Each structure stands twice: as structure tokens, then as C-alpha cells.
Amino acid sequence: MTTQRLLMIEDDARLAAMVSAYLTQSGYAVTHAGDGESGLTAIQDKLFDLVVLDLMLPGIDGLEVCRRIRALPGDLAHMPVLMLTAKGDPMDRVVGLELGADDYLPKPFEPRELLARIRAVLRRRQPGASAEHKLMRFGTLEIDRDARAVTVGSQPVELTSYQFDLLVTLAERAGRVLSREQIMEAVRGRELEAFDRSIDVHMGRIRAAIEADVKNPKRILTVRGVGYVFAKQQD
């Protein structure tokens, strides 16, 4: 089995050394970059399976690094990003998710939780094994689980790996109203913080990608006070 490669962009050398040692013991190959510029350089030199990205960095901050990663050519732009944010600052999380981060973890954190988040993100990158749902079609919307690709009217749609899995979770349960907690627990495999609203940010990004009119969505509908439902009947 090929060892998965992680890049940790973190300016706290002591924290980076501790976390890197823990992740290495867990079977990953970890590269450390102390600032955003050197992190971006490392990404250009080597293909990583995931980036652990601190928000507060010297020089260019983590938000700008994430923005530049998503602007890279080819597969590099789709590299999973797990962002480390300041505890109690939800706006940083929202902005990070809007820029394309796949998940976030507030500081301070337990290395075991970071490992669990990394495994969850990487697991979502693996092709679905269920033949029943390999290819799903809803009007002009097509979801290919094996290729982890989405098209609308034969045009490719850009989604993060996390957003892809959120869309699949809804599509598999078309017509069924799901709460935010049910949706994210199905994807992450864990319960959420009581007031975690990052799901709304992701849903907004998905709608922007697959809806003809974001202000009047036909595919992903909001059920006020409950959650979301994926419409069975579409264009």
C-alpha cells in the first residue's frame, strides 16, 4: 500500500514537530513548511494527498494560501485542505470553507482528532464501492461516484471532495428531508458541535455550482427550521 503524503504548513515549529511525529507513527509521510510561500513551493515540487494548513502564518496567511492552491492547474487545485483555525472565530472558518477548504479544526486540538479528520477527508477521496450508486442522474445533473465527478449539461462542475460527498449524501436520499446534523454526521461519521453552521456555507457553494438560479434553487431545497432536501424531480 502506498504511503500517503501530507504537507503541514505551520509556523509553530514545536507544534509541527509534535504533530508530524504523531502522524508519521500513524503511517503517513509528513513534510513540514514553516510559512505559506515555502508551503506553496513544496506543493509545486511534490504531489501531496492532503495539506494541513494553519490560518495564522507569517507573510501570506492561510486564507491566501488556500486561495492560491485552488487556483493551481490540474489535480493540484483539488488537493484536500484541512485548515487549522483560532478557536472561537467562526468567521475564519466560514471564509476558509468559502475558499475551498475541505474541513477545519480549531486550535488547540488533540492530535488524535486531527488524525481522525485527516482519515475522514482521505477516505472521502476514495471511489465509492457501491455499484448501485456509481452513476446517478437527475435531469441534466450527473454524479459519477467512481470518478468523483459532477457534470451539469455535460459541463464539469468544480467541487471540493467534502462538497462532493455532501452532494452524494443528499442525492442518495432524494426526497428525504435531512437535518444539518444528519447530513454532516453521514459524511464525517461523527456528531457535530451544537451550533456548527459550516454546512450552510458548503450548501451555498454546491448550489452555486449546480443550480441554474442560486436564488431560486430547484435541486437542493431548504426546509426552514429543519435542514435540506434533494428534489427527486428535476429538469
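Leaving aside neighbours within four places in sequence, which residues is D165 in contact with? I found R124, R148 and V187, with contact meaning heavy atoms within 4.5 Å.

Notes on the source: this is a predicted model, where local features need pLDDT of at least 70, side-chain atom pairs count only at pLDDT 80 or more, and totals for chains, interfaces and linings use all residues. Residues are numbered from 1 along each chain as its sequence is written, and side-chain values use heavy atoms, with hydrogens and water left out.

**D165.** I placed D165 in helix α6 (helices are DSSP runs of H or I, at least four residues; strands are runs of E, at least two; both are numbered from the N terminus). D165 has a relative accessible area of 15%, so I log it as buried (under 20%; exposed is over 50%, partly exposed in between, 1.4 Å probe, protein chains only). Its side chain makes a polar contact with the side chain of R148 at 2.7 Å (N or O atoms within 3.5 Å, one able to donate a hydrogen and the other to accept it; residues adjacent in sequence count only if both atoms are side-chain atoms).

**α6 on α8.** I looked at α6 (residues 161-172) against α8 (residues 198-210): the angle is about 85°, and the axes are 10 Å apart. Axes are lines fitted to C-alpha atoms over the stretch in contact, and angles run from 0 to 180 degrees between N-to-C directions. That makes α6 roughly perpendicular to α8 (65 to 115 degrees; under 35 is roughly parallel, over 145 roughly antiparallel, the rest oblique). On the α6 side I noted Y162, Q163, L166, L167 and L170; they meet I199, H202, M203, R205, I206 and I210 in α8.
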